[in-house]
Amino acid sequence: MKNPLKNPIVPILFASLLLTLSAAFTAAQTARVFRLDGGNSTYAFGVNERGELQALYWGGRLGAEDTIPPAHSFPQVASFDSSYTTTPQEYASWGAGLYTEPALKITFADGNRDLVLHFVSATAKGPQAMDLLLKDISREIYVTLHYSMDANTGILARSADIENREKQPVVIEQAAAAQWTLPPARYTFSYLTGRWAGEWTLNQEPILGGARVIESRRGTTGHQANPWFAISRDDSQSSVGPFAAGEEHGEVWFGALAWSGSWRITVEHTQLDAVRVTGGFNPFDFGYKLSPGEHLETPVFYGGYSDHGLGGASRLLHRFETARILPHAPDPKPRPVIYNSWEATEFNVNEAGQMALAEKAASIGVDRFVMDDGWFGQRKDDHAGLGDWYVNPQKFPHGLKPLIDKVHSLGMDFGLWVEPEMVNPDSDLYRKHPDWVLNFPGRPRSESRNQLVLNLARQDVRDYVEGFLDKLLTENDIAFLKWDYNRNWAEPGWDQVPIDEQKRVYVQFIRNLYSILAELRAKHPKIEIESCSGGGGRVDLGILRYADEVWPSDNTDPFDRLSMQDGFTYAYTPQIMMAWVTDSPHWLNHRSTSLTYRMLSSMQGSLGIGANLNHWTQEDFATAKRLISAYHAVQRTIVRGDLYRLISPLNGSEFSSTETVSSDKSQAVVFAFADATQEGRGFPLLQLQGLDSNAEYKLGWIEGKALSDTPERASGAWWMRHGLQLELRGDYRAAAFRLDRQP
Ligand code: DGJ
């Protein structure tokens with residue numbers, strides 16, 4: 001039998017994880033250390049002498065035989081900071097004088113608000129997974145902390161289950177999924193913010209004293225910030241300033257929250273220089289009544305570690321998302337190249353017009369034709385129709401079948417836009433069920449885009465939504481749904497349940513959303529789904545368990561997309577990053593760009609075409625056909641390979657470049673963009689990364705060229721060390737090439 005002490009997953013000094021420890025706290029337990037290893041990282045925590053679960057280590061992988069010193073609570077600092085607040089707990093409850101961010105805060109029926117969690121038992125849940133049971137020192141509140149580490153990437157999934165075994169209800173005012181403790185050091189915090197048509201801005205700032213909060217109070221993930229973080233250790237040897245987060249070098253701790261409702265991540269630099277990250281349900285307006293016997297399960301907070309900078313961190317996340325999160329993991333197939341009609345026709349869809357576009361889309365090699373908004377109810381514009389999910393008889397007198405048949409006959413599959421959680425007041429649904437929307441009785445109902453949010457937390461609303469979608473998918477041969485969500489919450493009332501249960505809406509709405517998606521996927525196993533929320537307002541690891549792809553932004557300007565795609569890929573894989581080629585000049589910025597530039601910008605992700613093909617020239621069709629064919633040939637490498645950001649488009653850079661290398665290093669694909677050449681500067685030397693130094697690679701051009709003395713074949717070492725010089729100057733010019741390993 002394998003020696004359990006040598007198994008890195010087994011807690012040190014813990015004879016067998018199959019043992020469930022006794023509830024009684026004993027002196028022997030103070031020595032207990034739990035350790036998880038995966039990929040290149042180790043995570044360890046232990047029980048201190050008071051019985052609290054305490055963070056011990058998170059970082060690069062330690063030797064299998066290494067001893068992790070047991071947990072000892074930290075000392076009190078003067079009379080102002082008790083040991084309870086100075087000790088870095090794994091899941092700190094608010095009580096006993098805690099001044100740092102709590103993971104859990106509860107009010108009991110008798111008014112007591114003090115909660116102090118102590119270790120009860122540990123249970124193995126698999127080779128790399130365990131549950132830790134905690135309990136309040138006197139009350140019957142139990143918290144089970146779930147830990148599960150991915151062996152390949154070392155990404156750790158953490159969540160908590162809170163159970164009330166008291167005789168009275170309690171109210172949970174704050175519940176995190178997890179808290180992460182970093183070693184004491186100087187750090188840079190990276191996070192993503194945005195707004196409609198301006199998502200995925202990468203921000204970087206030093207972590208100084210105090211707390212930094214990123215969050216959504218909107219009932220949904222939101223555009224304003226994304227539930228992802230990365231924290232890079234500032235290397236004082238090489239740092240030129242506080243913003244020294246390395247792209248390929250240095251230690252990075254990162255995480256992402258799997259929740260599509262209101263969320264919060266707090267990065268805290270405590271007064272004693274500890275850096276801690278707390279994330280989970282947003283405590284703002286939270287108040288979850290937990291009756292006796294009930295549980296509240298938090299979302300999952302994933303965390304990982306890389307010693308290859310932000311680039312290494314994002315490559316781990318990409319691998320983890322495709323292998324462990326996405327539908328069809330571990331091997332989701334690359335996305336079909338789509339055509340979407342939205343920017344061409346907006347609401348003005350009809351059978352003949354869509355058929356004409358479908359013919360043109362098929363002629364350039366598109367795989368999937370998607371009809372966007374406007375096909376249902378009395379939907380002439382955004383004032384009416386949401387909620388009435390019948391096919392508009394004026395636009396489609398024979399239903400959707402003739403169009404779907406036509407699309408199939410052209411060799412494409414068919415996708416359709418829906419916005420299931422919304423209703424226009426001007427709809428039959430709202431006239432029949434005005435009580436179905438989120439609202440506070442007697443108060444105004446704030447409309448956005450002339451629509452209100454259906455209260456999906458209600459069982460009848462949930463069933464209606466699942467019912468119409470099931471019917472739509474049963475009656476029509478639909479391969480793909482673009483699932484849109486075009487506003488955030490206002491007046492989140494739910495007056496059909498008792499007052500003290502109404503705030504459950506923040507949890508129940510999202511759970512019902514997930515359950516609808518899960519059931520639809522189970523009933524219609526071939527369906528694929530895109531998560532869209534007026535662009536990138538609902539992108540997170542929660543929705544990505546049910547969505548095959550996302551729409552990152554309504555902003556399809558190919559130049560803006562370079563920096564948005566750059567930001568997006570810090571957190572999410574290019575596999576899910578839909579990128580359409582649309583018209584020039586662009587409707588948002590009025591910027592003119594060539595079709596080639598637009599194509600190459602979009603080809604860095606999962607390619608789509610969203611232009612009005614009725615306006616294209618023969619030359620446009622030929623260019624698109626050639627580039628779609630080139631894309632198909634290397635798509636798997638682009639969306640599933642290891643991404644290296646060779647030149648960042650951020651900070652007003654006039655150049656940018658990305659490279660992706662297939663996991664077996666047999667192919668690399670490089671994109672390069674010159675956006676505003678200045679003072680005659682040539683494109684910077686491109687030194688590639690991630691190739692096999694000893695293998696020979698052959699250069700193949702997708703678009704553009706290099707200086708004439710560039711070899712056609714050279715070793716991986718040559719492409720990485722010597723590098724090549726592109727001939728790329730001008731404004732909004734682009735080049736792309738592939739390297740194929742030679743036998
Ligand atoms: C917002 C989406 O992001 C767009 O792509 C489009 O589907 C519109 N909604 C349709 O109303």
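Q: Which residue forms a salt bridge with Glu 173, and what is the distance between the closest N and O atoms?
A: In this predicted model, local features need pLDDT of at least 70, side-chain atom pairs count only at pLDDT 80 or more, and totals for chains, interfaces and linings use all residues. Residues are numbered from 1 along each chain as its sequence is written, and side-chain values use heavy atoms, with hydrogens and water left out. A salt bridge requires a side-chain nitrogen of Lys or Arg within 4 Å of a carboxyl oxygen of Asp or Glu. The partner of Glu 173 is Lys 105, and the closest N and O atoms are 2.7 Å apart.

Q: How many residues apart in sequence are the parts that Glu 173 and Lys 105 tie together?
A: Strands are DSSP runs of E with at least two residues, helices are runs of H or I with at least four, and both are numbered from the N terminus. Glu 173 belongs to strand S9 (residues 170-182) and Lys 105 to strand S4 (residues 104-107), so the parts that the pair ties together are separated in sequence by 68 residues.

Q: Is Lys 105 buried or exposed?
A: Buried denotes under 20% relative accessible area, exposed over 50%, and partly exposed the range in between (1.4 Å probe, protein chains only). Lys 105 has a relative accessible area of 17%, so the residue is classed as buried.

Q: Which residue meets Glu 421 in a salt bridge?
A: The N to O distance of this pair is 2.8 Å. Glu 421 lies in the loop between strand S22 (413-418) and strand S23 (422-423), and its partner in the loop between strand S26 (528-531) and strand S27 (549-550), so parts 117 residues apart in sequence are tied together. Both residues of the pair are buried, and the partner is Arg 538.

Q: How many salt bridges does the count come to?
A: Salt bridges that share partners join Lys 333, Arg 335, Arg 368, Asp 413, Glu 528 and Glu 549 into one network. By the rule stated above, the count of salt bridges is 56.

Q: What is the relative accessibility of Gln 451?
A: Gln 451 is located in the loop between helix H6 (428-432) and strand S24 (452-453). Beyond its neighbours within four places in sequence, its contacts (heavy atoms within 4.5 Å) include Leu 386, Glu 419, Asn 486 and Arg 487. Gln 451 counts as buried because its relative accessibility is 0%.
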